[in-house]
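Q: I have a model open and want to go through its local geometry and packing. Can we take it piece by piece?

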Amino acid sequence: MDESDDRTHRHPAVIAVLIGLALALASLVLGLSVRREVPALDRDLHLAAADLGPAFTHAATVISFVLSPGLATIAVASLALRALLSRDGLVLRAAVLLAVSWSTVLARYGYERVRPIEYPKWAYPSGHVTAVTAVAFTGVVLVVRLARRHLRHAVALAATAVALTAASRVVLEMHWFTDTAGAVLAVVGTGLVTAHVLRLLPPPPAGAAATAAGRRVET
């Protein structure tokens with residue numbers, strides 16, 4: 001086993017951080033590329049959403065009401081209160097992770113992208129999608145730490161919530177599609193790096209560590 005493989009086994013979190021940095025950079029590049037010009041994909045999806053009819057608009061309104069920045073506010077407050085009452089360091093770090101990931105929405109003041117319709121707030125990244133993705137990402141991290149056997153279901157639920165939120169914002173003509181994509185990239189990217197800093201990323205499985213140690217002995 002060579003030295004690079006050994007590092008991969010001993011430091012899987014490094015890979016997560018590199019992925020996080022790449023995603024955050026992708027969000028930055030995307031934001032800079034669409035801030036002044038609307039891509040054809042955004043225009044096409046915007047026109048398609050406008051033709052869906054009142055039933056889709058009503059459903060999107062309900063989704064945007066339930067899956068909203070209010071959800072992130074409740075989640076942060078709940079985690080912070082739980083951490084304060086129980087003095088649980090893990091919960092406190094989760095609250096910080098959620099808050100930092102959610103704060104990526106502030107980047108909109110740098111991009112200053114105009115929305116599809118007249119609205120007093122900038123478009124990129126989507127505030128709703130940023131908030132819901134931050135909650136979903138934090139939830140998945142906690143499941144990995146506390147109940148890994150439910151990880152598959154947690155990821156499916158998180159992805160569904162994010163996808164529904166993104167679709168609802170496009171259907172309601174509040175955002176371009178790239179506003180929602182950029183939000184997901186920024187939150188997950190920032191979240192991975194922040195989770196590493198807060199030591200929330202799980203260590204490698206014991207079996208993988210033992211295998212790596214055995215291979216070092218063999219070599």
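Q: Where is glutamate 173?
A: Glutamate 173 is in the loop between H9 and H10. Helices here are DSSP runs of H or I with at least four residues, strands are runs of E with at least two, and both are numbered from the N terminus.

Q: What is phi for glutamate 173?
A: Phi of glutamate 173 is near 65 degrees, which is positive in a residue other than glycine. Glutamate 173 is partly exposed, with a relative accessible area of 25%. Buried means under 20% relative accessible area, exposed means over 50%, and partly exposed is in between, with a 1.4 Å probe and protein chains only.

Q: And arginine 87, where does that one sit?
A: Arginine 87 is in the loop between H5 and helix H6 (89–102). Arginine 87 has a positive phi of about 55 degrees, although it is not a glycine.

Q: Is arginine 87 buried or exposed?
A: Exposed, with a relative accessible area of 78% for arginine 87.

Q: Before going on, what are the ground rules for these values?
A: This is a predicted model, where local features need pLDDT of at least 70 and side-chain atom pairs count only at pLDDT 80 or more, while totals for chains, interfaces and linings use all residues. Residues are numbered from 1 along each chain as its sequence is written, and side-chain values use heavy atoms, with hydrogens and water left out.

Q: Fine. How many helices and strands are there in the protein?
A: Eleven helices and zero strands.

Q: What share of the residues counts as buried?
A: 38% of the 219 residues of the protein.

Q: And what share of the contacts comes from residues 24 or more positions apart?
A: Among contacts with a separation of 6 or more, such residues account for 79%. A contact means heavy atoms within 4.5 Å.

Q: Switching to H3. Which residues of H3 are buried?
A: In helix H3 (residues 40–50), Asp42, His46 and Ala49 are buried. They lie on the same side of H3, because they cover an arc of only 65 degrees around the axis. That arc is taken from the directions from the helix axis to the C-beta atoms.

Q: What do the buried residues of H3 pack against?
A: Helix H9 (151–171) and helix H10 (177–197). On the other side of H3, Ala40, Asp44 and Leu47 are exposed.

Q: Which peptide bond is cis?
A: The one from tyrosine 124 to proline 125, with omega near 0 degrees. Proline 125 is in the loop between helix H7 (108–111) and helix H8 (127–146).

Q: How many aromatic pairs are there?
A: The count comes to one aromatic pair. Tyrosine 111 and tyrosine 124 form that pair, edge-to-face, at 4.9 Å centre to centre and 85 degrees between the planes. The pair links distant parts of the chain, 13 residues apart, with tyrosine 111 in helix H7 and tyrosine 124 in the loop between H7 and H8. For the rule: rings of Phe, Tyr and Trp (its six-membered ring) pair if their centres lie within 6.5 Å, with planes under 30 degrees apart counted as stacked, over 60 as edge-to-face and the rest as tilted.

Q: Is tyrosine 111 buried or exposed?
A: Buried, as tyrosine 111 has a relative accessible area of 8%. Tyrosine 124 is buried too, with 0%.

Q: What does proline 69 touch?
A: Leaving out residues up to four places away in sequence, proline 69 touches Trp102, Gly127, His128 and Ala131. Proline 69 is in helix H5 (residues 69–86) and is partly exposed, with a relative accessible area of 27%.

Q: At what angle do H5 and H8 pack?
A: About 35 degrees, with their axes 7 Å apart. Axes are lines fitted to C-alpha atoms, for helices over the stretch in contact, and angles run from 0 to 180 degrees between N-to-C directions.

Q: Which residues of H5 meet H8?
A: Pro69, Leu71, Ala72, Ala75 and Leu79 in H5 meet Gly127, His128, Ala131, Val135, Thr138 and Leu142 in H8. The residues of this contact divide into eight nonpolar, three polar and no charged. Ala, Val, Leu, Ile, Met, Phe, Trp, Tyr, Cys and Pro count as nonpolar, Asp, Glu, Lys and Arg as charged, and the others, Gly among them, as polar.

Q: How far apart are the axes of H8 and H10?
A: The axes of H8 and H10 are 9 Å apart, and the helices pack at an angle of about 35 degrees.
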